[in-house]
Amino acid sequence: MSVPNAWGYSPNQSTVVRYTFDFHANACYNDDKGYGDAIYRNAASGANDDPSHSYNVFSSTNYSGSTTYFPRKDGIAHNLASSVKNKNESQRRN
């Protein structure tokens, strides 16, 4: 799913959804620091669990600015580029 703004995205224009860290393999666990925190401008790495599509993570909203590419599911967490690290604001499914 492409997300034009990781801080707030409203698919039905009536509620704002804020994306948060969740527990998963290679990620924080539900008792770890960071669990449940917003991902907007707050991530240094990530993993793509989509077996069919790659993703780009962008430093600005609406798929603009610097980017880091994540290949299709490979079971590996990848660091965000320094220009995107803790500046991640949107992501696009390729």
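Colleague: What does valine 84 touch, leaving out residues up to four places away in sequence?
Modeller: Valine 84 touches Val57, Phe58, Ser59, Ser66, Thr67 and Thr68. Keep in mind that this is a predicted model.

Colleague: Which residues make up the largest nonpolar core?
Modeller: There are 6 of them: Ala43, Tyr55, Val57, Phe70, Leu80 and Val84.

Colleague: Okay, and valine 57, what is its bridge partner in E5?
Modeller: Glutamine 91. Strand E2, residues 55-60, pairs with E5 in the antiparallel sense, over 4 bridges.

Colleague: In what order do the strands of the open sheet run?
Modeller: The order is E3-E2-E5, with antiparallel pairing. Strands E3 (64-70) and E5 (90-93) are at the edges with a single partner strand each, so one side of each has no neighbour in the sheet.

Colleague: By how many degrees are neighbouring strands turned against each other?
Modeller: 25 degrees on average, ignoring direction.

Colleague: Switching topic: how many aromatic pairs does the structure hold?
Modeller: It holds 2. Tryptophan 7 and tyrosine 40 form a tilted one, 5.6 Å centre to centre with 55 degrees between the planes. Those two are 33 residues apart, both in the segment before strand E1 (45-46), and the pair links distant parts of the chain.

Colleague: How accessible are tryptophan 7 and tyrosine 40?
Modeller: Tryptophan 7 is partly exposed at 40% relative accessible area, and tyrosine 40 is partly exposed at 24%.

Colleague: Why is the pair of phenylalanine 58 and tyrosine 63 edge-to-face?
Modeller: Because the planes are at 65 degrees, and over 60 counts as edge-to-face. The ring centres of phenylalanine 58 and tyrosine 63 are 6.1 Å apart.

Colleague: Is phenylalanine 58 buried or exposed?
Modeller: Phenylalanine 58 is buried, at 9% relative accessibility. Tyrosine 63 is partly exposed, with a relative accessible area of 23%.

Notes: Residues numbered from 1 in each chain as written. Predicted model: local features only at pLDDT ≥ 70, side-chain atom pairs only at ≥ 80, totals over all residues. Heavy atoms only, no water. Pairing = 2+ DSSP bridges. Axes fitted to C-alpha atoms, helices over the stretch in contact; angles between N-to-C directions. Phe/Tyr/Trp six-rings, centres within 6.5 Å; stacked < 30°, edge-to-face > 60°. Buried < 20%, exposed > 50% of the residue type's maximum accessible area, 1.4 Å probe, protein only. Core = buried A, V, L, I, M, F, W, Y, C linked by side-chain atoms within 4.5 Å. Contact = heavy atoms within 4.5 Å.
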